[in-house]
Amino acid sequence: MFGMNKTIRRASVFTLLLVLALLGRATWVQFYEGQALADDKDNRRNAIETYSAPLGNIIVGGRSVTGSAPTKSGDLKYKRTYTDGELYAAVTGFASQAYAPTQLEGIYTDLLNGTDNRLKSVMDTITNQRADPGNVVTTIDPDVQKAAYDALGDKKGGAVAIDPKTGKILAVVSTPSYDPSSLTDANTAGAAWKKLTSDPEKPLVNRALRQPLPPGSTFKLVVAAAALEDGLYQSVDEKTDSPDPYTLPGTTRDLSNENPNAPCTNATIRTALEYSCNNVFAKMAVQLGQDKVKAMAEKFGFNDDKLDVPVRAYTSVYPSDMYPSQTALTGIGQFDVTATPLQMAMVSAAIANGGKLVSPHMVSQITNSGGDVLQDYDDEASTKEIVSSSTAEQLQSAMQTVVEKGTGTNAQVPGATVGGKTGTAQHGENNSQVPYAWFTSYGKSDSSGKEVAVAVVVEQSDAARSEVSGNGLAAPVAKAMMKAALKD
(Lines give C-alpha, C1' and ligand atoms only; values in the text may rest on other atoms or scores of the structure.)
Protein backbone atom coordinates (compact mmCIF):
# COMPACT_ATOMS: atom_id res chain seq x y z
CA MET A 1 0.00 0.00 0.00
CA PHE A 2 2.76 2.40 0.98
CA GLY A 3 4.58 1.68 -2.25
CA MET A 4 1.46 2.66 -4.19
CA ASN A 5 1.38 6.09 -2.48
CA LYS A 6 4.97 6.68 -3.40
CA THR A 7 4.16 6.04 -7.07
CA ILE A 8 1.14 8.35 -7.00
CA ARG A 9 3.18 11.02 -5.26
CA ARG A 10 5.90 10.76 -7.87
CA ALA A 11 3.36 10.91 -10.68
CA SER A 12 1.61 13.96 -9.23
CA VAL A 13 4.91 15.84 -8.73
CA PHE A 14 5.81 15.01 -12.33
CA THR A 15 2.38 16.19 -13.51
CA LEU A 16 2.72 19.39 -11.52
CA LEU A 17 6.12 20.06 -13.12
CA LEU A 18 4.59 19.50 -16.56
CA VAL A 19 1.79 21.97 -15.77
CA LEU A 20 4.32 24.55 -14.55
CA ALA A 21 6.43 24.02 -17.67
CA LEU A 22 3.37 24.54 -19.84
CA LEU A 23 2.38 27.69 -17.93
CA GLY A 24 5.92 29.00 -18.26
CA ARG A 25 5.99 28.27 -21.96
CA ALA A 26 2.58 29.91 -22.49
CA THR A 27 3.75 33.01 -20.63
CA TRP A 28 6.95 33.10 -22.67
CA VAL A 29 5.09 32.74 -25.97
CA GLN A 30 2.51 35.34 -25.01
CA PHE A 31 4.85 38.04 -23.79
CA TYR A 32 8.27 37.53 -25.32
CA GLU A 33 7.90 35.55 -28.50
CA GLY A 34 4.59 37.30 -29.09
CA GLN A 35 6.45 40.57 -29.49
CA ALA A 36 9.08 38.96 -31.70
CA LEU A 37 6.40 37.36 -33.86
CA ALA A 38 4.50 40.63 -34.03
CA ASP A 39 7.69 42.38 -35.17
CA ASP A 40 8.43 39.70 -37.76
CA LYS A 41 8.24 41.29 -41.18
CA ASP A 42 6.68 38.14 -42.62
CA ASN A 43 3.76 38.36 -40.21
CA ARG A 44 0.71 39.07 -42.35
CA ARG A 45 -1.23 40.36 -39.35
CA ASN A 46 1.14 43.32 -39.16
CA ALA A 47 0.35 44.38 -42.69
CA ILE A 48 -3.38 43.88 -42.08
CA GLU A 49 -3.14 46.02 -38.93
CA THR A 50 -0.96 48.72 -40.53
CA TYR A 51 -3.27 49.10 -43.51
CA SER A 52 -6.57 48.73 -41.60
CA ALA A 53 -6.95 52.53 -41.47
CA PRO A 54 -5.51 55.55 -43.32
CA LEU A 55 -1.89 56.38 -42.42
CA GLY A 56 -0.61 59.72 -41.18
CA ASN A 57 1.00 62.01 -43.72
CA ILE A 58 4.25 63.63 -44.82
CA ILE A 59 3.79 67.38 -45.23
CA VAL A 60 5.66 69.66 -47.65
CA GLY A 61 4.99 73.40 -47.69
CA GLY A 62 1.81 73.03 -45.64
CA ARG A 63 0.30 70.37 -47.90
CA SER A 64 0.30 66.61 -47.67
CA VAL A 65 2.29 64.82 -50.39
CA THR A 66 1.04 61.41 -49.22
CA GLY A 67 -2.42 59.93 -48.72
CA SER A 68 -4.30 56.67 -48.24
CA ALA A 69 -6.88 55.12 -50.56
CA PRO A 70 -9.28 52.20 -49.99
CA THR A 71 -8.12 49.05 -51.79
CA LYS A 72 -10.42 47.26 -54.24
CA SER A 73 -9.89 43.73 -52.85
CA GLY A 74 -8.00 41.56 -50.37
CA ASP A 75 -7.51 41.77 -46.61
CA LEU A 76 -5.59 45.09 -46.63
CA LYS A 77 -8.21 47.86 -46.43
CA TYR A 78 -6.01 50.81 -47.43
CA LYS A 79 -2.91 51.50 -49.49
CA ARG A 80 -0.49 54.42 -49.52
CA THR A 81 -0.87 57.05 -52.23
CA TYR A 82 1.50 59.83 -53.34
CA THR A 83 0.95 63.27 -54.81
CA ASP A 84 3.81 64.22 -57.18
CA GLY A 85 5.44 60.92 -56.24
CA GLU A 86 8.44 61.22 -58.55
CA LEU A 87 9.17 64.77 -57.41
CA TYR A 88 9.32 63.82 -53.72
CA ALA A 89 10.52 60.19 -53.86
CA ALA A 90 13.99 61.07 -52.49
CA VAL A 91 12.27 62.67 -49.49
CA THR A 92 9.34 60.37 -48.73
CA GLY A 93 10.70 57.02 -49.85
CA PHE A 94 7.83 54.51 -50.05
CA ALA A 95 5.47 52.67 -47.70
CA SER A 96 4.55 49.39 -49.36
CA GLN A 97 2.23 46.54 -48.47
CA ALA A 98 4.91 44.19 -49.82
CA TYR A 99 8.32 45.74 -49.07
CA ALA A 100 10.02 47.37 -46.07
CA PRO A 101 9.45 51.15 -46.05
CA THR A 102 12.31 53.56 -46.87
CA GLN A 103 13.42 57.16 -46.19
CA LEU A 104 10.93 59.17 -44.06
CA GLU A 105 8.25 56.51 -44.51
CA GLY A 106 10.66 54.02 -42.94
CA ILE A 107 12.01 56.21 -40.13
CA TYR A 108 8.55 57.32 -38.98
CA THR A 109 6.63 54.07 -39.59
CA ASP A 110 5.27 53.93 -36.02
CA LEU A 111 4.23 57.57 -36.00
CA LEU A 112 2.50 57.27 -39.38
CA ASN A 113 0.64 54.05 -38.54
CA GLY A 114 -0.44 55.14 -35.05
CA THR A 115 1.61 52.67 -32.99
CA ASP A 116 4.09 55.27 -31.62
CA ASN A 117 3.47 55.38 -27.85
CA ARG A 118 3.66 59.18 -27.83
CA LEU A 119 0.37 59.25 -29.77
CA LYS A 120 -1.65 57.27 -27.20
CA SER A 121 -4.26 59.01 -25.07
CA VAL A 122 -5.16 57.59 -21.64
CA MET A 123 -8.27 56.07 -23.22
CA ASP A 124 -6.20 54.43 -26.04
CA THR A 125 -3.95 52.88 -23.40
CA ILE A 126 -6.87 51.44 -21.40
CA THR A 127 -8.75 50.10 -24.43
CA ASN A 128 -5.50 49.13 -26.21
CA GLN A 129 -6.78 50.92 -29.31
CA ARG A 130 -4.41 52.11 -31.97
CA ALA A 131 -4.10 55.89 -31.74
CA ASP A 132 -4.88 58.24 -34.61
CA PRO A 133 -1.66 58.49 -36.67
CA GLY A 134 0.70 61.45 -36.50
CA ASN A 135 2.22 63.56 -39.29
CA VAL A 136 5.76 64.39 -40.40
CA VAL A 137 6.29 68.07 -41.22
CA THR A 138 9.30 68.47 -43.53
CA THR A 139 11.58 71.47 -44.08
CA ILE A 140 11.36 71.01 -47.86
CA ASP A 141 10.43 74.08 -49.94
CA PRO A 142 8.21 72.84 -52.81
CA ASP A 143 9.46 75.58 -55.18
CA VAL A 144 13.15 74.76 -54.62
CA GLN A 145 12.44 71.02 -54.90
CA LYS A 146 10.62 71.50 -58.21
CA ALA A 147 13.27 73.88 -59.58
CA ALA A 148 15.97 71.26 -58.95
CA TYR A 149 13.90 68.40 -60.34
CA ASP A 150 12.98 70.30 -63.52
CA ALA A 151 16.53 71.60 -64.04
CA LEU A 152 18.06 68.13 -63.68
CA GLY A 153 15.49 66.90 -66.20
CA ASP A 154 16.60 63.73 -67.95
CA LYS A 155 20.15 63.94 -66.61
CA LYS A 156 21.32 61.46 -63.97
CA GLY A 157 22.26 63.25 -60.76
CA GLY A 158 21.46 64.60 -57.33
CA ALA A 159 20.92 67.97 -55.70
CA VAL A 160 20.54 69.36 -52.18
CA ALA A 161 19.65 72.85 -50.92
CA ILE A 162 20.14 74.02 -47.31
CA ASP A 163 19.24 77.23 -45.49
CA PRO A 164 22.67 78.08 -43.98
CA LYS A 165 21.15 80.04 -41.07
CA THR A 166 18.78 77.32 -39.84
CA GLY A 167 20.13 74.05 -41.25
CA LYS A 168 16.75 73.37 -42.85
CA ILE A 169 17.11 71.22 -45.97
CA LEU A 170 15.01 72.88 -48.68
CA ALA A 171 15.42 70.30 -51.45
CA VAL A 172 16.54 66.68 -51.83
CA VAL A 173 16.34 65.54 -55.45
CA SER A 174 17.63 62.41 -57.17
CA THR A 175 17.21 61.66 -60.88
CA PRO A 176 16.09 59.53 -62.57
CA SER A 177 13.35 59.20 -59.98
CA TYR A 178 10.56 56.65 -59.60
CA ASP A 179 6.91 56.76 -58.60
CA PRO A 180 6.51 55.33 -55.07
CA SER A 181 2.81 54.65 -55.89
CA SER A 182 3.94 51.78 -58.13
CA LEU A 183 5.20 49.91 -55.04
CA THR A 184 2.33 50.46 -52.63
CA ASP A 185 -0.20 47.84 -53.74
CA ALA A 186 0.75 44.25 -52.88
CA ASN A 187 -0.91 42.98 -56.08
CA THR A 188 1.19 45.09 -58.44
CA ALA A 189 4.33 45.84 -56.38
CA GLY A 190 6.24 42.71 -57.44
CA ALA A 191 6.46 43.60 -61.12
CA ALA A 192 7.32 47.24 -60.36
CA TRP A 193 10.01 46.19 -57.88
CA LYS A 194 11.60 43.87 -60.43
CA LYS A 195 11.63 46.62 -63.04
CA LEU A 196 13.10 49.24 -60.66
CA THR A 197 15.79 47.00 -59.18
CA SER A 198 16.96 45.75 -62.57
CA ASP A 199 17.07 49.24 -64.11
CA PRO A 200 20.78 50.06 -64.82
CA GLU A 201 20.08 53.74 -64.00
CA LYS A 202 19.30 52.71 -60.38
CA PRO A 203 16.28 54.97 -59.76
CA LEU A 204 15.86 53.65 -56.19
CA VAL A 205 19.28 55.02 -55.14
CA ASN A 206 19.00 58.38 -53.37
CA ARG A 207 21.82 60.18 -55.18
CA ALA A 208 21.42 63.34 -53.07
CA LEU A 209 22.12 61.61 -49.74
CA ARG A 210 23.28 58.07 -50.37
CA GLN A 211 25.72 58.03 -53.28
CA PRO A 212 29.18 59.50 -52.63
CA LEU A 213 31.27 60.32 -55.72
CA PRO A 214 34.66 62.03 -56.25
CA PRO A 215 33.90 65.74 -55.65
CA GLY A 216 36.67 66.94 -57.97
CA SER A 217 37.53 70.63 -57.76
CA THR A 218 34.66 71.50 -55.38
CA PHE A 219 36.91 69.96 -52.71
CA LYS A 220 39.44 72.76 -53.30
CA LEU A 221 37.26 74.86 -50.96
CA VAL A 222 38.10 72.49 -48.08
CA VAL A 223 41.84 72.65 -48.89
CA ALA A 224 41.72 76.46 -49.10
CA ALA A 225 39.92 76.54 -45.73
CA ALA A 226 42.65 74.37 -44.20
CA ALA A 227 45.43 76.56 -45.62
CA LEU A 228 43.86 79.79 -44.29
CA GLU A 229 43.02 78.35 -40.86
CA ASP A 230 46.50 76.86 -40.52
CA GLY A 231 48.17 80.14 -41.49
CA LEU A 232 50.00 78.55 -44.44
CA TYR A 233 48.63 81.58 -46.30
CA GLN A 234 47.34 84.71 -44.57
CA SER A 235 44.81 85.70 -47.21
CA VAL A 236 43.19 84.61 -50.46
CA ASP A 237 45.14 87.38 -52.19
CA GLU A 238 48.62 86.29 -51.10
CA LYS A 239 50.66 84.62 -53.83
CA THR A 240 51.15 80.90 -53.27
CA ASP A 241 54.29 78.91 -53.97
CA SER A 242 52.93 76.82 -56.86
CA PRO A 243 54.99 75.80 -59.87
CA ASP A 244 53.05 75.04 -63.06
CA PRO A 245 53.24 72.27 -64.06
CA TYR A 246 53.44 70.66 -60.63
CA THR A 247 55.17 67.27 -60.54
CA LEU A 248 53.47 64.87 -58.12
CA PRO A 249 56.01 64.18 -55.32
CA GLY A 250 57.97 60.94 -55.71
CA THR A 251 56.81 60.55 -59.33
CA THR A 252 57.60 61.91 -62.77
CA ARG A 253 53.95 62.71 -63.42
CA ASP A 254 53.05 66.33 -64.10
CA LEU A 255 49.64 67.52 -63.00
CA SER A 256 48.02 69.56 -65.76
CA ASN A 257 45.35 72.25 -65.52
CA GLU A 258 42.07 72.09 -67.41
CA ASN A 259 42.88 75.40 -69.06
CA PRO A 260 46.56 75.40 -70.18
CA ASN A 261 46.53 79.20 -70.58
CA ALA A 262 45.24 79.96 -67.06
CA PRO A 263 47.55 82.11 -64.89
CA CYS A 264 48.19 79.29 -62.41
CA THR A 265 51.91 79.71 -61.67
CA ASN A 266 52.17 80.92 -58.02
CA ALA A 267 48.53 81.98 -58.24
CA THR A 268 46.71 83.42 -55.23
CA ILE A 269 43.93 81.28 -53.71
CA ARG A 270 41.41 83.66 -55.30
CA THR A 271 42.89 83.24 -58.79
CA ALA A 272 43.40 79.50 -58.25
CA LEU A 273 39.70 79.09 -57.39
CA GLU A 274 38.65 81.40 -60.24
CA TYR A 275 40.51 79.30 -62.84
CA SER A 276 40.40 76.05 -60.83
CA CYS A 277 44.19 75.59 -60.85
CA ASN A 278 45.07 71.98 -59.99
CA ASN A 279 48.76 72.69 -59.39
CA VAL A 280 48.00 75.15 -56.58
CA PHE A 281 45.69 72.89 -54.53
CA ALA A 282 47.62 69.68 -55.11
CA LYS A 283 50.79 71.33 -53.80
CA MET A 284 48.85 73.01 -50.97
CA ALA A 285 47.54 69.63 -49.78
CA VAL A 286 51.08 68.23 -49.75
CA GLN A 287 52.42 71.27 -47.87
CA LEU A 288 49.68 71.05 -45.25
CA GLY A 289 50.02 67.29 -45.05
CA GLN A 290 47.19 64.77 -45.14
CA ASP A 291 46.44 65.02 -41.40
CA LYS A 292 45.61 68.72 -41.54
CA VAL A 293 43.53 68.38 -44.70
CA LYS A 294 41.71 65.42 -43.15
CA ALA A 295 41.05 67.32 -39.90
CA MET A 296 39.45 70.16 -41.87
CA ALA A 297 37.43 67.77 -44.06
CA GLU A 298 36.15 66.05 -40.91
CA LYS A 299 35.09 69.38 -39.38
CA PHE A 300 32.90 69.90 -42.45
CA GLY A 301 31.41 66.39 -42.04
CA PHE A 302 33.61 63.98 -43.99
CA ASN A 303 34.18 60.53 -42.39
CA ASP A 304 31.02 60.94 -40.28
CA ASP A 305 29.26 57.59 -40.46
CA LYS A 306 26.31 58.77 -38.34
CA LEU A 307 25.06 61.75 -40.31
CA ASP A 308 21.27 61.49 -39.84
CA VAL A 309 19.08 64.14 -41.46
CA PRO A 310 17.11 62.07 -40.16
CA VAL A 311 17.67 59.70 -43.11
CA ARG A 312 21.14 58.21 -42.59
CA ALA A 313 23.33 59.86 -45.20
CA TYR A 314 26.12 57.84 -46.76
CA THR A 315 29.59 58.62 -45.39
CA SER A 316 31.66 61.07 -47.44
CA VAL A 317 35.29 59.98 -47.25
CA TYR A 318 38.67 61.66 -46.86
CA PRO A 319 41.30 58.86 -46.86
CA SER A 320 44.24 58.13 -44.54
CA ASP A 321 47.72 56.56 -44.85
CA MET A 322 48.64 57.99 -48.25
CA TYR A 323 51.83 58.65 -50.17
CA PRO A 324 52.49 62.37 -50.79
CA SER A 325 51.55 61.87 -54.46
CA GLN A 326 48.13 60.56 -53.35
CA THR A 327 47.70 63.41 -50.86
CA ALA A 328 48.36 65.77 -53.79
CA LEU A 329 45.49 64.18 -55.74
CA THR A 330 43.12 64.53 -52.75
CA GLY A 331 43.85 68.27 -52.93
CA ILE A 332 41.84 68.35 -56.16
CA GLY A 333 39.12 65.99 -54.89
CA GLN A 334 40.47 62.87 -56.59
CA PHE A 335 42.28 59.69 -55.42
CA ASP A 336 39.90 58.18 -52.78
CA VAL A 337 38.00 61.34 -51.79
CA THR A 338 34.22 60.93 -52.12
CA ALA A 339 31.31 63.21 -51.23
CA THR A 340 27.54 63.32 -51.46
CA PRO A 341 25.70 66.43 -52.68
CA LEU A 342 24.55 66.83 -49.05
CA GLN A 343 28.18 67.02 -47.91
CA MET A 344 29.21 69.59 -50.53
CA ALA A 345 26.11 71.69 -49.72
CA MET A 346 27.24 71.61 -46.06
CA VAL A 347 30.64 73.01 -47.12
CA SER A 348 29.01 75.98 -48.88
CA ALA A 349 26.49 76.44 -46.04
CA ALA A 350 29.22 76.73 -43.39
CA ILE A 351 31.20 79.20 -45.50
CA ALA A 352 28.07 81.27 -46.22
CA ASN A 353 27.10 81.30 -42.53
CA GLY A 354 30.30 82.97 -41.32
CA GLY A 355 32.10 79.69 -40.71
CA LYS A 356 29.34 78.09 -38.61
CA LEU A 357 27.53 74.92 -39.65
CA VAL A 358 23.98 74.41 -38.39
CA SER A 359 23.11 70.70 -38.35
CA PRO A 360 21.23 69.92 -41.57
CA HIS A 361 17.76 68.37 -41.14
CA MET A 362 14.80 67.71 -43.43
CA VAL A 363 12.08 67.31 -40.79
CA SER A 364 10.89 70.40 -38.88
CA GLN A 365 8.54 68.63 -36.48
CA ILE A 366 6.49 65.54 -35.92
CA THR A 367 2.95 66.06 -34.64
CA ASN A 368 -0.03 64.05 -33.44
CA SER A 369 -3.29 63.96 -35.41
CA GLY A 370 -4.45 67.17 -33.71
CA GLY A 371 -1.30 69.04 -34.72
CA ASP A 372 0.32 69.05 -31.27
CA VAL A 373 4.11 68.94 -31.63
CA LEU A 374 5.69 65.72 -30.32
CA GLN A 375 9.24 66.70 -31.27
CA ASP A 376 10.66 69.91 -32.73
CA TYR A 377 13.83 69.34 -34.75
CA ASP A 378 14.21 73.01 -35.69
CA ASP A 379 14.67 73.80 -31.98
CA GLU A 380 17.13 70.94 -31.56
CA ALA A 381 19.47 71.97 -34.43
CA SER A 382 23.03 72.42 -33.16
CA THR A 383 25.66 74.86 -34.41
CA LYS A 384 29.41 74.33 -34.54
CA GLU A 385 32.21 76.55 -35.76
CA ILE A 386 34.05 75.01 -38.70
CA VAL A 387 36.30 77.94 -39.62
CA SER A 388 36.76 81.46 -38.23
CA SER A 389 34.53 84.22 -39.52
CA SER A 390 37.55 85.86 -41.23
CA THR A 391 38.38 82.65 -43.12
CA ALA A 392 34.71 82.32 -44.10
CA GLU A 393 34.62 85.92 -45.38
CA GLN A 394 37.80 85.39 -47.43
CA LEU A 395 36.39 82.22 -48.99
CA GLN A 396 33.05 83.94 -49.70
CA SER A 397 34.91 86.70 -51.49
CA ALA A 398 36.93 84.23 -53.59
CA MET A 399 33.81 82.15 -54.40
CA GLN A 400 32.07 85.32 -55.57
CA THR A 401 34.96 85.95 -57.97
CA VAL A 402 34.42 82.43 -59.40
CA VAL A 403 30.79 83.31 -60.24
CA GLU A 404 31.42 86.91 -61.33
CA LYS A 405 34.22 86.17 -63.79
CA GLY A 406 35.64 82.68 -63.29
CA THR A 407 34.54 79.12 -64.10
CA GLY A 408 31.09 79.54 -62.49
CA THR A 409 29.45 82.37 -64.44
CA ASN A 410 26.36 80.25 -65.25
CA ALA A 411 25.28 80.49 -61.60
CA GLN A 412 24.73 84.24 -61.55
CA VAL A 413 21.34 85.20 -60.06
CA PRO A 414 20.03 88.75 -60.64
CA GLY A 415 19.41 90.58 -57.34
CA ALA A 416 21.58 88.17 -55.34
CA THR A 417 25.19 87.80 -54.27
CA VAL A 418 26.37 84.36 -55.34
CA GLY A 419 29.59 82.51 -54.59
CA GLY A 420 30.40 79.09 -56.01
CA LYS A 421 32.86 76.46 -57.11
CA THR A 422 32.80 74.17 -60.13
CA GLY A 423 34.12 70.64 -60.29
CA THR A 424 34.67 68.13 -63.07
CA ALA A 425 35.66 64.86 -61.44
CA GLN A 426 37.40 62.05 -63.25
CA HIS A 427 35.44 58.84 -63.64
CA GLY A 428 36.62 55.40 -64.68
CA GLU A 429 40.03 53.80 -65.19
CA ASN A 430 42.39 56.52 -66.51
CA ASN A 431 39.43 58.89 -66.71
CA SER A 432 37.94 56.75 -69.50
CA GLN A 433 34.28 57.47 -68.73
CA VAL A 434 32.24 60.67 -68.89
CA PRO A 435 33.35 62.83 -65.94
CA TYR A 436 31.04 63.93 -63.11
CA ALA A 437 30.03 67.58 -63.25
CA TRP A 438 29.75 69.32 -59.85
CA PHE A 439 28.72 72.72 -58.60
CA THR A 440 28.43 73.96 -55.03
CA SER A 441 27.42 77.49 -54.13
CA TYR A 442 25.52 79.83 -51.88
CA GLY A 443 23.27 82.77 -52.70
CA LYS A 444 22.17 85.72 -50.58
CA SER A 445 19.31 87.97 -51.65
CA ASP A 446 20.37 91.61 -51.91
CA SER A 447 16.93 92.73 -50.71
CA SER A 448 15.34 90.18 -48.35
CA GLY A 449 18.36 88.73 -46.55
CA LYS A 450 17.27 85.20 -47.54
CA GLU A 451 20.13 82.72 -47.95
CA VAL A 452 20.60 79.31 -49.51
CA ALA A 453 23.47 76.88 -50.07
CA VAL A 454 23.31 74.20 -52.75
CA ALA A 455 25.28 71.36 -54.30
CA VAL A 456 24.58 69.57 -57.55
CA VAL A 457 26.22 66.59 -59.20
CA VAL A 458 25.41 65.45 -62.72
CA GLU A 459 26.68 61.92 -63.24
CA GLN A 460 25.66 61.45 -66.80
CA SER A 461 24.22 63.49 -69.59
CA ASP A 462 24.06 63.30 -73.34
CA ALA A 463 26.64 66.09 -73.62
CA ALA A 464 29.84 65.40 -75.54
CA ARG A 465 32.74 64.71 -73.22
CA SER A 466 34.46 67.97 -74.09
CA GLU A 467 31.33 69.83 -72.99
CA VAL A 468 31.03 68.18 -69.59
CA SER A 469 31.86 70.79 -66.99
CA GLY A 470 30.54 71.94 -63.65
CA ASN A 471 29.70 75.31 -65.18
CA GLY A 472 27.96 73.85 -68.22
CA LEU A 473 25.87 71.12 -66.59
CA ALA A 474 25.63 71.62 -62.82
CA ALA A 475 25.73 75.41 -62.37
CA PRO A 476 22.42 76.00 -64.24
CA VAL A 477 20.70 73.55 -61.86
CA ALA A 478 22.20 75.36 -58.85
CA LYS A 479 21.10 78.69 -60.32
CA ALA A 480 17.50 77.51 -60.72
CA MET A 481 17.48 76.28 -57.11
CA MET A 482 18.97 79.48 -55.71
CA LYS A 483 16.55 81.62 -57.70
CA ALA A 484 13.58 79.66 -56.31
CA ALA A 485 14.90 79.82 -52.73
CA LEU A 486 15.68 83.54 -52.77
CA LYS A 487 12.56 84.89 -54.49
CA ASP A 488 10.55 87.22 -52.24
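This is a predicted model: local features need pLDDT of at least 70, side-chain atom pairs count only at pLDDT 80 or more; totals for chains, interfaces and linings use all residues.
Visitor: Which residue of β7 is the bridge partner of Ala159?
Guide: Strand β6 (residues 156-162) runs antiparallel to β7, and six bridges join the two. The partner of Ala159 within β7 is Val173.

Visitor: How are α14 and α16 oriented to each other, oblique or roughly perpendicular?
Guide: The axes of helix α14 (residues 341-352) and α16 come within 8 Å and cross at roughly 115 degrees. The contact is made by Ser348, Ile351 and Ala352 on the α14 side, and by Ala392, Leu395, Gln396 and Met399 on the α16 side. By class, these residues divide into five nonpolar, two polar and no charged. Since angles of 65 to 115 degrees count as roughly perpendicular, the relation of α14 to α16 is therefore roughly perpendicular.

Visitor: What is the orientation of α9 to α11, oblique or roughly parallel?
Guide: Helix α9 (residues 220-230) packs on helix α11 (residues 278-288) with the axes 10 Å apart and an angle of about 50 degrees between them. Angles under 35 degrees count as roughly parallel and those of 65 to 115 as roughly perpendicular. The pair α9 and α11 is therefore oblique.

Visitor: How many nonpolar residues does the contact of α9 with α11 have?
Guide: In this pair, α9 passes α11 in a left-handed crossing. From α9 the contact draws on Lys220, Val223, Ala224, Ala226, Ala227 and Asp230, and from α11 on Asn278, Phe281, Met284, Ala285 and Leu288. One polar and two charged residues belong to the contact, and the number of nonpolar residues is eight.

Visitor: Is the orientation of α7 to α17 roughly antiparallel or roughly parallel?
Guide: Helix α7 (residues 142-152) and helix α17 (residues 470-486) have axes 8 Å apart and pack at an angle of about 160 degrees. Angles over 145 degrees count as roughly antiparallel, so the orientation of α7 to α17 is roughly antiparallel.

Visitor: Which residues of α17 meet α7?
Guide: The crossing of these two helices, α7 and α17, is right-handed. The residues of their contact divide into ten nonpolar, no polar and one charged. Asp143, Val144, Ala147, Ala148, Ala151 and Leu152 of α7 are met, on the side of α17, by Val477, Ala480, Met481, Ala484 and Ala485.

Visitor: Which are the edge strands of the sheet with mixed pairing?
Guide: This open sheet has five strands, in the order β2-β1-β5-β11-β12. A strand at the edge pairs on one side only, and the two for which this holds are β2 (63-64) and β12.

Visitor: Which residue takes a positive phi in the hairpin of β11 and β12?
Guide: Strand β11 (residues 363-367) pairs with strand β12 (residues 373-376) in the antiparallel sense over three bridges. Within this pairing Ile366 stands opposite Gln375, and Thr367 stands opposite Val373. The hairpin has five residues between its strands, and the residue with a positive phi, near 90 degrees, is Gly371.

Visitor: Where is Asp84 found?
Guide: Most residues other than glycine have a negative phi. Asp84, although not a glycine, has a positive phi of about 50 degrees. Its place is the loop between β4 (78-82) and α3 (85-92).

Visitor: In which loop does Pro245 lie?
Guide: A cis peptide bond, with omega about 5 degrees, joins Asp244 to Pro245. Pro245 lies in the loop between α9 and β8 (246-247).

How values were computed:
Residues are numbered from 1 along each chain as its sequence is written. Side-chain values use heavy atoms; hydrogens and water are left out. Axes are lines fitted to C-alpha atoms, for helices over the stretch in contact, and angles run from 0 to 180 degrees between N-to-C directions. Helices (H or I, at least four residues) and strands (E, at least two) are DSSP runs, numbered from the N terminus. A crossing is left-handed if the near helix is turned anticlockwise from the far one by less than a right angle, and right-handed if clockwise. Contact means heavy atoms within 4.5 Å. Ala, Val, Leu, Ile, Met, Phe, Trp, Tyr, Cys and Pro count as nonpolar, Asp, Glu, Lys and Arg as charged, and the others, Gly among them, as polar. Two strands pair if DSSP finds at least two bridges between them.
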